[in-house]
Amino acid sequence: MSQTTSVVMQQTVYLNGEFLPMSEARISTQDRGYLFGDGVYEVIPVYQKKLFAWQEHLQRLKNSLQAVSITNPLTDSEWFKLLSDLIDRHDWQDQFIYLQVTRGIQMVRDHMPADCLTPSIYAYTNPLKPLAKDVVENGIKLVSLEDIRWLRCDIKAITLLPNVMMKLAAKQQNTDDAVLITRDGFVSEGTASNLFIVKDGALFTPPNSHKILPGVTRIVIEKVATNHHIPMIEQELTLTDLQNADEIWLTSSTKEALPVTQLDGKPVGTGQPGAVWQLMRQHYQTYKQAFIADYNQP
Ligand code: PDD
């Protein structure tokens, strides 16, 4: 066992009402999450031990649960307490929490969920690391791929097989990730991130719909852009728009905004992380500092 694996195995996780070492956490083989991928999740960044954009993450969790008809097992304050306890059990100042709710255990496998199942709750945390120097200096490479996912990408479902397949396909083509093109010919997002382009100083991103996850980082970017008078326009984008863009970014809770410097083997803009990305990165850090300084527990 590697040193990292053994550290992770000793860290405390939350599973169905208990905090326990990860190595002792056990779920039933009959959990519908395991058999059907029947569940939803959240990934929530934590800065200086404070849950970032908590209300937005909580609201999206509730929307996902409602969309798949899983009863929300906890109240808002119970969710907050659970995750705060988990954070406090770890020394890391910056963390990211993985939180998963599945429909629960059903002893006889049946596509039809039984009535009154008790949802299974699992949460663990990891250190949140800043972007690697290489990414900050050189950006990442993308390949465009057909978006092979379902028509409810707005639900943060644990069923991620298409995302895994597309990530593998990107790796096979010696790139870091994929930008996904839907069957109607528009850009949706990355395999685990939203997408923005910069053109003539303005930000463009696809509108929220069933084709993309309503990203929380996307909301933060919008707020930061508004505060700093950077125009942000929601509109459908095509691959040609991406090819003609000055900059492309991927955004997510664990990476904030990532600069994309190559698309399908060709440079994006100057082929270096762009000036608007640099500016957004600074403003984003300032926004985080203000969030930490003004933090009020919900
Ligand atoms: N992924 N789109 C998809 C398909 C995602 O999986 C994610 C996040 C996002 C960005 O959402 P947010 O800004 O709220 O993190 C968009 C997380 C980080 C994951 O699955 O690990």
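I sorted the shell around the ligand by residue class: five nonpolar, eight polar and four charged. I counted Ala, Val, Leu, Ile, Met, Phe, Trp, Tyr, Cys and Pro as nonpolar, Asp, Glu, Lys and Arg as charged, and the others, Gly among them, as polar.

This is a predicted model, where local features need pLDDT of at least 70, side-chain atom pairs need 80 or more, and totals for chains, interfaces and linings use all residues. Residues are numbered from 1 along each chain as its sequence is written, and side-chain values use heavy atoms, without hydrogens or water.

Next, the neighbours. I found 17 residues around the ligand, and Tyr41, Arg60, Glu189, Thr217 and Ser253 come nearest. Near means a heavy atom within 4 Å.

Then I checked polar contacts (N or O pairs within 3.5 Å). Tyr41 puts a polar side-chain atom 2.6 Å from a ligand oxygen. For Arg60, the distance to a ligand oxygen is 2.8 Å. Glu189 has a polar side-chain atom 2.8 Å from a ligand nitrogen. The protein covers 89% of the 470 Å² of accessible area that the ligand has on its own (Shrake-Rupley, 1.4 Å probe).

Where does the ligand lie relative to domain 1 and domain 2? It lies between them, because domain 1 (3-127) and domain 2 (133-290) both give residues to the shell. I took these bounds from an automatic or database domain assignment.

Notes: A polar contact is a pair of N or O atoms within 3.5 Å; within protein, one must be able to donate a hydrogen and the other to accept it, and residues adjacent in sequence count only if both atoms are side-chain atoms.
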